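Here is a short tour of a protein model, from its overall build down to one helix. Have a look at the fold before reading on.

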Amino acid sequence: MGLYRALTCLLAVVAPAWASDPLAGITQSAPEPAFTYDRNSFLLNGQPYVIIGGQMDPQRIPPAYWRDRLMKARAMGLNTIFSYVYWNLLEPKQGEWASNEEINDIAKFFHIAQDQGLNIVLRPGPYICGEREWGGFPAWLSQIPGMKVRAFNEPFLEAAESYLKRLANDLKELQVTRGGPLLMVQVENEYGSYGEDHEYMQALRDILRENFEVPLYTNDGGVDWTLRGGEVPGVLAAIDGDPRSGFAARDRYITDPSELGPLLDGEYYTFGPDFWGSENVHQTSEGRPSQVQRFVEDLDYVLEANNSISLYMFHGGTNFGFSNGALWKGYTAVFTTSYDYGSPLDESGRITELYLTFRRTIQKYVPQGSIPLPPQNLPLLEISNVTLVPMIPLFNTLGSKSTSEGPVTMEELGQAYGFILYEHKVTAALEGILKPGDRARDRVIVYVNGRREGVIDSTYSEPAEVGLSLRPGDLLQLLVENLGRVDYWSRESGTFVALEDPYKGIKGNVTVGSEVVSGWDVYPLPLDALPTAGKNAVAGPANISAGSPPVFFRGTFSVGGGNGTDPAALDTFLAVPDGVKGNVWVNGFNLGRYWVVGPQQSLYLPGTALRPNAENEVVVLELEPRADEMTVFGSVRRLWGNNPDPDYP
């Protein structure tokens, strides 16, 4: 190792993370960094800067609404936006970079933020948690030989470095060092909760340093083992959660001077996410004055001392399509389509009482008159009942199949999301309880000769059992839904490392009683696009009844307005009152999942998806149809509530 290289490695630990050349200060005075920090304060252009931040992820928000959401962030008093970036959307297939898609134009979002007087803290992962599918990892990672995520693992680091380099290239001109709004970049995400592989974290630090010019930081829970697990020499240590205990823990357990600096609560929770389930009520601070008072007291506590904070979430947005994540708790705890999170700016972008409360609190700590006035909320749109009729059965849309002795997983077939169908033609009598591999991954609907026999659902610790009595010639079909890969696992979870087990569909042998069932035709059903009815369309009465296989239903409706209509005036909450479970598309856009169990009973339909003064198409895939008609309607009020699960006795 040469002298320069040796000194560079040594100084990498103690030099500011944003120094472009750690040796420059040895021989000459370096220009003052645009954004830096000392032991007590962040410094922007040499002046103390208190981060009054909030989390908002562009890939959860219709791009046409980015400016509106950012304007409202500034009008609440925020000066900085913290944003996760989702690797799986930017690189849906290995080597295929999709930043040209509008939802993935992160640079545009940052430009708009700067226009609104906001700075940016980037949280690129590669792992981001965020209640997103597999914590933002693309599903194709699971098929790379030797892969181990979140570890000092060559295949993982190679893939992660490629992703981070391409993202950095998109954003390089937006760094504060070049006149942009990007102040700081996070290394990984709450890694200390997951592990203590310091070699891995240092490798990520080095990748980010090579590609960004701004300071780096880590963000971990405010207790000893999480802080110590996630700390990285030369990188500012921040905490999340309760600022009182967290700030004290940061200064108690982080002893390396190169990791110390101003106190930052990088995730202060404005409430929490919702899980599907009959017993899971909606998470909100509405109607809980003591909780709101605690929010105010904590915000006062941070800002009175000139410390920094980010509200998680300022605006949650939506897990459109199949993008929600899950937890493993001995069962699959599945996050809802809505990511409202009880945020001050609700899922539809409307200002709440909590927003106004935070605004009044923040006003005490900024120059008078420096916060713009927030706009008035636009009323939402009401859409009267729309009748839907059968369009095509799901099983009439099957494409090419894969044939194998035993089942194969989604990932083995190159599929990331949606459904997968396994078919077996029975050749010998079978009787007993059906076991779909090692466990349900995640929700298995069982059909025999086209009639539903039961549902095996991993959202229960003890899923319902389905007993079968099969005869030669019977057709056994198993429709498996990926409800969302696990996005978070902690060392205190008390389970296997669920983040390392992302496989969906059927893994292992299917058995009926004691007999292994061999010989399967497997059909991927990712539903990336809606099927066209064509020759398989339903003509006349479909004779749908309880137990029928899934069906696509279709209807049309019109809304007023014109080319100059603000799309936000067309926002609504779409309900499927007679549906059990499925997905909804409007004009081809997948709004996400609905499920009668709740707590979510309506889906956010952004006005950006509608066509004013034109025909709009709504398509519903109902997994458990019961009649030849369905109904949807748009409500100005969000519907929350819970119902019994008809598939779980």
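## Overall dimensions

For 649 residues, a compact globule would have a radius of gyration near 26 Å, and this chain has 26 Å, so the two agree. The C-alpha trace spans about 85 × 60 × 45 Å along its principal axes.

The average pLDDT of the chain is 94, and 94% of the residues score at least 70.

Residues 1-28 need some care: pLDDT stays under 50 there, and the model gives this stretch 29 contacts beyond four places in sequence. Where pLDDT is low, the predicted coordinates should not be read in detail.

## Fold and surface

The chain is built with 12 helices and 32 strands. Among contacts with a separation of 6 or more, 78% join residues 24 or more positions apart.

Of the 649 residues, 59% count as buried. The chain exposes about 24700 Å², with carbon and sulfur atoms supplying 50% of that area. As for charge, there are 51 positive and 79 negative charges, and their mean positions lie 2 Å apart.

## A closer look at helix α5

Helix α5 covers residues 106-115, and its buried residues include Ile106, Ala107, Phe109, Phe110, Ile112 and Ala113. What do the buried residues of α5 pack against? Their partners are helices α3 (66-76) and α6 (154-171), together with strands β5 (80-84) and β6 (119-123).

After α5 comes Gly117, which has a positive phi near 80°.

Terms used
Residues are numbered from 1 along each chain as its sequence is written. This is a predicted model: local features need pLDDT of at least 70, side-chain atom pairs count only at pLDDT 80 or more; totals for chains, interfaces and linings use all residues. Side-chain values use heavy atoms; hydrogens and water are left out. pLDDT is the predictor's confidence in each residue, from 0 to 100. Contact means heavy atoms within 4.5 Å. Helices (H or I, at least four residues) and strands (E, at least two) are DSSP runs, numbered from the N terminus. The radius of gyration is taken over C-alpha atoms; the globule rule is 2.2 Å times the number of residues to the power 0.38. Buried means under 20% relative accessible area, exposed over 50%, partly exposed in between (1.4 Å probe, protein chains only). Accessible areas come from the Shrake-Rupley method with a 1.4 Å probe; for residues, only the protein chains shown count as cover. Lys and Arg count as positive and Asp and Glu as negative; His and the chain ends are not counted. The place of a charge is taken as NZ of Lys, CZ of Arg, CG of Asp or CD of Glu.
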